[in-house]
Amino acid sequence: MELLVATPIYNIYVEKLKAPGREGEKSTVREMIISLFAGSELSHKPSGAPFVEGTEKYISVSHGAGYAVVAVGDKPIGVDIEAPRQQLDRIRHKFMRPDDCSESLLHAWTAKEAAFKAAESANVTVHDIAINGNSASIPGFGNKIIDYYNLDTAIIAIAH
């Protein structure tokens with residue numbers, strides 16, 4: 001497991017998937033959580049947000065492009081990793097808003113997914129979230145800063 005980024009607000013850990021498919025994603029994330037939190041297991045809140053019993057840290061998990069990513073912070077945080085794919089163009093009408101302003105469709109999607117995770121609410125959709133560069137406006141939750149990191153052919157977005 002590699003510590004990709006360490007900031008005063010969050011740390012990002014990245015690991016190549018141990019095996020392809022859903023089982024590879026689950027086992028890689030499980031091993032990362034056990035390593036990061038001294039043997040503790042990953043649990044989920046009723047909202048679906050991940051947490052680790054016995055820690056005050058907020059976590060967010062994503063997997064894609066052959067990687068698993070875990071973000072750990074002291075306040076609500078969201079992470080998403082995505083590689084370019086044609087499907088985003090086909091579904092853009094489902095998540096893009098007329099007022100969204102982003103470097104690319106991929107940046108917008110990863111930012112919205114990360115912000116959605118940081119909100120931890122079933123009452124917000126990715127379409128509700130407005131993106132303006134490095135900022136995400138989430139109805140009922142205010143603004144989140146979005147940081148982007150490049151990883152090989154994928155983009156990681158962190159909402160905090």
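Hi everyone. Let me start with a definition: angles between axes under 35 degrees count as roughly parallel, over 145 as roughly antiparallel, 65 to 115 as roughly perpendicular, and the rest as oblique. Keep that in mind as we look at this structure, which is a predicted model.

First, a pair of helices. Helix α2, residues 87-95, packs with α3 at an angle of about 50°, and their axes lie 11 Å apart. So α2 and α3 are oblique to each other. The crossing in which α2 passes α3 is left-handed.

Which residues make the contact? From α2 we have Leu88, Asp89, Arg92 and Phe95, and from α3 there are Leu105, Leu106, Trp109 and Lys112. Sorted by class, the contact of α2 with α3 holds five nonpolar residues and three charged ones, with no polar residues.

Now, let's turn to the largest pocket. About 470 Å³ of space lies inside it. Its lining is made of 21 residues, and nearest the centre you'll find Gly48, Ala49, Pro50, Val61 and Lys117.

Where does the lining come from? At least two residues each are supplied by α1 (21-36), β3 (42-44), β5 (58-64) and α3 (105-119). So which element gives the largest share? That is β5, with five residues.

Technical notes. Residues numbered from 1 in each chain as written. Predicted model: local features only at pLDDT ≥ 70, side-chain atom pairs only at ≥ 80, totals over all residues. Heavy atoms only, no water. 1 Å grid on protein atoms, 1.4 Å probe; cavity = no way out; pocket = protein on both sides within 12 Å on 5 of 7 lines; lining within 4 Å. Points joined across faces, edges and corners; volume = space filled by probe spheres on them. Helix = DSSP H or I, 4+ residues; strand = E, 2+ residues; numbered from the N terminus. Axes fitted to C-alpha atoms, helices over the stretch in contact; angles between N-to-C directions. Left-handed = near helix turned anticlockwise from the far one by under 90°. Contact = heavy atoms within 4.5 Å. Nonpolar A, V, L, I, M, F, W, Y, C, P; charged D, E, K, R; others polar.
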